[in-house]
Amino acid sequence: MAISVKSEREIELMRMSCKLLADVFQNLEKAVKPGMSTMDINNLGDKLIRAHGCVPNFLNYNGYPASICVSVNDEVVHGIPHKDHILQEGDIVSLDAGLIYKGYHSDMARTFGVGEISEEARLLIERTRQSFFDGIKMAKAGNHLFDISNAIDASISPHGYGIVRDLVGHGIGTKLHEDPQIPNFAQRRRGPKLQAGMTLAVEPMINMGRADVEWLDDDWTVVTEDGSLSAHYENTILITEGEPEILTLY
């Protein structure tokens, strides 16, 4: 496994790519409301990305037909936007997207509540977010990759949620998906040693019920097998000699 270590110049390009993507997400969060279609969200996201002079890296990636993955309620990831899929009060919606700036990729995801949501749903979103921050406490040079995985698992397991195993985080840089793969569940090995200059997309995907997922007939949309709600929280991070730098925060 060859994990790329970025030069100072590459890190600056990654920072800018991620900063622009965070701006897109800040605007998308403000826009999400009941009555919008998932295609409305996609079209707005695509427009915002292109307004920055960038291109959406998800569009046509391995055939994916949209710029923003929009996944609602029991959809875990890779939901395909549709003009007839209308957001309702009380839904939760996960947005996952990235862009390319001067050849460098960024990637992030957030789950938002649509209007007033249940306390159960709010806690799922908050605990999924918290598991990311618990995980990256271990994301520093000299530690090992799976220290991150183990910390995410330790954060989530006491709540009885299901940690999705079929999908994992990844390295990122001149490609959207680079080595290594980053599971969100405990590992028996420690994995490769982290070095300053590595850029990783860490992304817990957490189900309110069981961990099991299935793919719909469109070959993209991943849903919880038991129909339970699912939340997703992702940032692109930079490994440093000290604390990790979160490149996609806003």
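Which residues lie nearest the centre of the largest pocket? They are Tyr61, His78, Leu167, His170 and His177, within a lining of 24 residues. The structure is a predicted model, in which local features need pLDDT of at least 70, side-chain atom pairs count only at pLDDT 80 or more, and totals for chains, interfaces and linings use all residues. Residues are numbered from 1 along each chain as its sequence is written, and side-chain values use heavy atoms, with hydrogens and water left out.

Rolling a probe the size of a water molecule over the atoms shows where empty space is left. Here a pocket is an open set of points on a 1 Å grid over the protein atoms alone, where a 1.4 Å probe fits, with protein on both sides within 12 Å along at least five of seven lines; lining residues have an atom within 4 Å of a point. Grid points are joined across faces, edges and corners, and a volume is the space filled by probe spheres set on the points.

The largest pocket holds about 480 Å³ of space. Its lining divides into 12 nonpolar, 6 polar and 6 charged residues, where Ala, Val, Leu, Ile, Met, Phe, Trp, Tyr, Cys and Pro count as nonpolar, Asp, Glu, Lys and Arg as charged, and the others, Gly among them, as polar. Two strands, β9 (169-171) and β10 (178-182), each supply at least two residues of this lining, and β10 gives the most, with 4 residues. Strands (E, at least two residues) and helices (H or I, at least four) are DSSP runs numbered from the N terminus.

Both β9 and β10 belong to an open sheet of 5 strands, ordered β10-β9-β11-β16-β17, with antiparallel pairing; two strands pair if DSSP finds at least two bridges between them. The edge strands β10 and β17 each pair on one side only. Helix α1 (residues 8-31) packs on this sheet and touches β11, β16 and β17, its direction making about 155 degrees with that of β16. Contact means heavy atoms within 4.5 Å, and angles run from 0 to 180 degrees between N-to-C directions of axes, which are lines fitted to C-alpha atoms, for helices over the stretch in contact.

Strand β16 (residues 235-238) pairs with β11 (residues 199-202) over 4 antiparallel bridges, and asparagine 235 is the bridge partner of valine 202. To β17 (residues 245-246), β16 is joined by 2 bridges, again antiparallel, with isoleucine 237 opposite isoleucine 246. A hairpin through 6 residues connects β16 to β17. Asn235 and Ile237 point one way from β16, Thr236 and Leu238 the other, and all are buried, meaning under 20% relative accessible area (1.4 Å probe, protein chains only).

Another open sheet has 3 strands in the order β8-β12-β15, with antiparallel pairing. β8 (162-163) and β15 (230-232) stand at the edges with a single partner strand each, so one side of each has no neighbour in the sheet. Between β8 and β12 (residues 205-207) there are 2 bridges, and isoleucine 163 has isoleucine 206 as its bridge partner. Helix α3 lies across β12 and β15, at about 35 degrees to β15.

α3 (119-136) and β7 (108-113) each supply at least two residues to the lining of the second largest pocket, which holds about 240 Å³ of space. Among its lining residues are Glu29, Arg110, Phe112, Glu126, Arg129 and Tyr250. By class, this lining has 6 nonpolar, 2 polar and 4 charged residues.

Notes
Buried < 20%, exposed > 50% of the residue type's maximum accessible area, 1.4 Å probe, protein only.
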